[in-house]
Amino acid sequence: MATNKNYTPTEVQIWNRLTCDAIHYVNMSPTLASRALAMVHTAMYDAWTNYNNSGDEVSTTTGRRLQRPSAECNPKNREITYSHAAFTVLQALFWLDLPAEKKNIFRDFMCTLNFDPDDRNLEPTNPAGLGNLCGKLIIDCRLGDFANQYGTLEDGRYVDFTNYCPVNPPIPQPLKYEDRWQPLLINHKPQQFLTPHWGLVKAFALEWGGEFRPQSPITCSDKEYKAQADMILEHSACLTDEQKLIAEFWAGMHEDKFEDSPKDGDLNRSATPPEQCCRQARYLSNKYHHKNAFDIKMFFVLSNALLDAGIAAWDSKVAYDYVRPISAIRELYRGKTIKAWGGPCEGTKEIEGENWIPYIPTPPFAEYVSGHSTFSAAAEEVLTSFCNKSRYGESVTIPKGGSKIEPGCTPCENITLEWKVLKDAANEAGISRLYGGIHFKAGDMEGRRLGYKVGCAVWDKANEYFNGKLG
C-alpha cells in the first residue's frame, strides 16, 4: 500500500486492520471472517449513531431510542463509544483463540487512544457504557444466527449441524457421481467440507441464503461439461508468469507486500477474500483522506456485503455440491495423456490425466459458485456506490523469483499487478481461480453476478438505516 505521509489513518481504519490481523492470527476461514467483520463494524456503526446528531442514521439494534442529547454529540464521545463497541466484540470473538503474544492487541490500541479497556459498564448514559452495550447487543443478536458459534463440547465451534456428507469417495478413487464434489486426501485424511451450514446463517439484507441462487451448473450429461474442463486444461498448459502470480495473489499469498499487513506470525498463511477486500477499502480511505464518520459507514456496508456474499455463495455451493476441476479432469482423462502444468518449476509437460494437478491448492468445499468472485463483486458494488467513484489505483510488485509456489523460478523478471478501478480488481480475482485451476468459467461468472446482486441488496438495506427508515 502506498502511504500518504500527510494523512493519519482513521481510528476506524485501524480497528478494521486489527480485526483482519486477528483473523490472520487465528486462521479464520472466509465465512467466519466475513461474520466477524460484520459484527465488529455493525457494533461500531450502531454506537456511532447514538452520538451523531448531524444526520438521519439510526442503529440497527436500537433505532433512535438510545440517541444522546446534542450537547453530548462531540467527536471525543463518538470515538470512545465506537471504540468500546469494537473492543467488546473483538474480545468476545478472538481473545480465547489468539496466541499468547497477541492477546493484548485490542487492549493495547484502546490504551493508545487513552480509553479504559477495563471500563465494562453498560449504562447507556455515558459513551463507554453505550459502546459496550452496543457491542453486547450485536453479540447477543448473533447468538442464534445459525453460525453455531459455540457448537458443542464434543464437536467444537462453528461446526456443521446439517449432517452434510459427500456422495463421492475421496481422490484417488473414481467418481460415483461425475458432477458432484469429491474430497481430496490431505495428509492421508479426506477433506471436510468447510462450514456447509453457512447458507442458513442469518444475513444482513438477504431474506434467505438462496434468494439469488444462480441457475444449475452444467451436468455431466451436457456436451459443455467436457468443454469447461478443456478450458481449464488450456489455461494450465499455457500459464504465463503473470497468470501464475495473479492466481497466487488472489489466493492471498502475497499480502505481506502491503505495509499494513501483519508483520509477524505465519505470513505463509493465505489471506481470505474478506481480508483482501478490507485492505482495498483501507487503501481507499488513505487515498481519499476519509474521516472517521465516512469510514464508520463505509466499513459497515462493506462488511455486511461480505457477510451476505459468503452466505449466498455457500448456499449455492451446498445446493449444487458441484465437482471441482481436479476431480472432473482426472475422471475425464483417466488413462489418457494430456499437456498441462507439470508442477513447481516443471513448466508444461505431457502427463497422465489422472495425475493432473491445479496450480494452486483446491480448497475443501464445492466449486459452484466461486466464493472469490462473489465476495469481490459484492465488495466492488458497495464500495463504488458508497464512495461514488470507481477509481482505485493500488498495485503490487512481485520480484523476480518471488513466487510462493515456484520460488526462485517465477517470475523471470519483476511483475507489477495494478488495478485502475475497483472492477478491474474484482474481475481479476474471479478469473484468477481459472488460472489457478480450481474453478470453471461458469463458477466465476455466476459468482460475479451473484455478488453484484448481493451488493445491490446490501446497499439498499444500508441506505434505509442511513436515511432513518429502519430501526
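**View 1. M298 is buried, with a relative accessible area of 0%.** Here, buried means under 20% relative accessible area, exposed means over 50%, and partly exposed falls in between, using a 1.4 Å probe and protein chains only. The model shown is predicted, so local features need pLDDT of at least 70 and side-chain atom pairs count only at pLDDT 80 or more, while totals for chains, interfaces and linings use all residues. Residues are numbered from 1 along each chain as its sequence is written, and side-chain values use heavy atoms, with hydrogens and water left out. M298 sits in helix α9. Helices (H or I, at least four residues) and strands (E, at least two) are DSSP runs, numbered from the N terminus. Leaving aside residues up to four places away in sequence, M298 touches A281, S285, H290, L383, F386 and C387; contact means heavy atoms within 4.5 Å. H84 is 214 residues from M298 along the chain, and their C-alpha atoms are 19 Å apart.

**View 2. Helix α9 packs against helix α13.** Helix α9 covers residues 292-320 and helix α13 covers residues 441-466. Their axes are 9 Å apart, and the packing angle is about 140°, which makes α9 oblique to α13. Axes are lines fitted to C-alpha atoms, for helices over the stretch in contact, and angles run from 0 to 180 degrees between N-to-C directions. Angles under 35 degrees count as roughly parallel, over 145 as roughly antiparallel, 65 to 115 as roughly perpendicular, and the rest as oblique. To find the meeting place, look for residues of α9 including F300, N304 and D308, and residues of α13 including L450, W459 and Y465.

**View 3. Helix α11 is mostly covered.** Of the 17 residues in α11, 15 are buried. The helix runs over residues 371-387 and reaches 24 Å from its first C-alpha to its last, close to the 24 Å expected at 1.5 Å a residue. That expected span is 1.5 Å times one less than the number of residues. Just after α11 comes N388, with a positive phi of about 60°.

**View 4. Helices α11 and α12 come together with their axes within 8 Å.** Helix α12 spans residues 422-435, and its axis crosses that of α11 at roughly 175°. The two helices are therefore roughly antiparallel to each other. Among the residues making this contact are H372, S376 and E380 of α11, together with K423, A426 and R433 of α12.

**View 5. N77 is a buried residue of helix α3.** Its relative accessible area is 15%, and the helix that holds N77 covers residues 75-94. Which residues does N77 touch, not counting those up to four places away in sequence? They are Y51, E72 and P127. The side chain of N77 also reaches the backbone oxygen of E72 at 2.8 Å. As for α3, 17 of its 20 residues are buried, and N74 caps its N-terminal end, with a side-chain oxygen 3.2 Å from the backbone nitrogen of K76.

View 6. Most residues other than glycine have a negative phi, and most peptide bonds are trans. The bond from Y368 to V369, however, is cis, with omega near 10°; V369 belongs to the loop between β4 (348-352) and α11. T410 and P411 are also joined by a cis peptide bond, with omega about -5°, and P411 is in the loop between β5 (395-398) and β6 (415-418). N163 has a positive phi near 65° and counts as exposed at 70% relative accessibility. N187 has a positive phi of about 55° and is exposed too, at 68% relative accessibility; look for N187 in the loop between β1 and β2 (189-190).

Notes
A polar contact is a pair of N or O atoms within 3.5 Å; within protein, one must be able to donate a hydrogen and the other to accept it, and residues adjacent in sequence count only if both atoms are side-chain atoms.
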